[in-house]
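Hi,

Here is the structure I said I would pass on. Have a look at it first, and then read my notes below.

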Amino acid sequence: VQLQASGGGLVQPGGSLRLSCAASGSIFIIGDMGWYRQGPGKQRELVAFITSGGRETYADSVKGRFTISRDNGKNSVFLQMNSLKPEDTAVYLCNAILQPRITDPPYRYWGQGTEVTVSS
């Protein structure tokens, strides 16, 4: 199983970016999917996650600015980031709780991360 994230880059304050993450490989079922981030000198923190049924949860720091969504048919999760601030600068990591096979227990898989820099 692999999670491939993309969409990061350099953006000015107030700008927008859309991150994407696709899971591939042997996948029986995917549960929660989400995004974490780790800024320079900071601990990893939850940004947002979405259940298989579409229920969304956000960190207080991104509520009203970020929107998480998923495409279950494509095993993908997205993060639309608007009104970006310098403090959003971080490596963004996607993750998914999934079972590769029906006999496997659910396990949290991580993508490689995509870097977001918000700077003028």
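To get you oriented: in which loop does R65 lie? R65 sits in the loop between β6 (56-58) and β7 (66-71). I'll come back to that residue after the overall picture.

Two housekeeping points before that. This is a predicted model, where local features need pLDDT of at least 70 and side-chain atom pairs count only at pLDDT 80 or more, while totals for chains, interfaces and linings use all residues. Residues are numbered from 1 along each chain as its sequence is written, and side-chain values use heavy atoms, with hydrogens and water left out.

**The chain as a whole**

The chain has 11 strands and 0 helices, so reading from the N terminus you get β-β-β-β-β-β-β-β-β-β-β. Both kinds of element are DSSP runs numbered from the N terminus: helices are H or I with at least four residues, strands are E with at least two. The radius of gyration is 14 Å, close to the 14 Å that the globule rule gives for 120 residues, so the chain is as compact as a globular protein of that length. (That radius is taken over C-alpha atoms, and the rule is 2.2 Å times the number of residues to the power 0.38.) Along the principal axes, the C-alpha atoms fill a box of roughly 50 × 25 × 25 Å.

Of the 120 residues, 39% are buried. Buried means under 20% relative accessible area, exposed means over 50%, and partly exposed is in between, with a 1.4 Å probe and protein chains only. The accessible surface comes to about 6400 Å², and carbon and sulfur atoms account for 48% of that; the areas come from the Shrake-Rupley method with a 1.4 Å probe. Among contacts (heavy atoms within 4.5 Å) between residues at least 6 apart in sequence, 55% join residues at least 24 apart.

On charge, there are 12 positive and 9 negative side chains, and the centres of the two sets lie 2 Å apart. Lys and Arg count as positive and Asp and Glu as negative, leaving out His and the chain ends, and each charge is placed at NZ of Lys, CZ of Arg, CG of Asp or CD of Glu.

Beyond four places in sequence, the contacts of M81 include L17, L19, F66, Y92 and V116. F78 is found in strand β8 (residues 76-81) too, and is buried at 16%. Leaving aside neighbours within four places, F78 is in contact with residues including R18, W35, T67 and D71.

**Two backbone angles to look at**

N75, in the loop between β7 and β8, has a positive phi of about 50° although it is not a glycine. S83, in the loop between β8 and β9 (90-99), likewise has a positive phi, near 50°. N75 is partly exposed at 23%, and S83 is partly exposed at 41%.

**Two threonines**

What does the side chain of T89 reach? One of its polar atoms lies 2.9 Å from the backbone nitrogen of V118, and a polar atom of that side chain is also 2.9 Å from the backbone oxygen of P86. T89 is placed in the loop between β8 and β9, and touches G39, P40, V116, T117 and V118 outside its sequence neighbours up to four places away.

T114 is in strand β11 (residues 114-118) and is buried at 9%. A polar atom of its side chain lies 3.0 Å from the backbone nitrogen of G8. Its contacts beyond four places in sequence include A5, S6, L19 and Y92.

Cheers

Technical notes
Polar contact = N/O pair within 3.5 Å; in protein donor to acceptor, adjacent residues only side chain to side chain.
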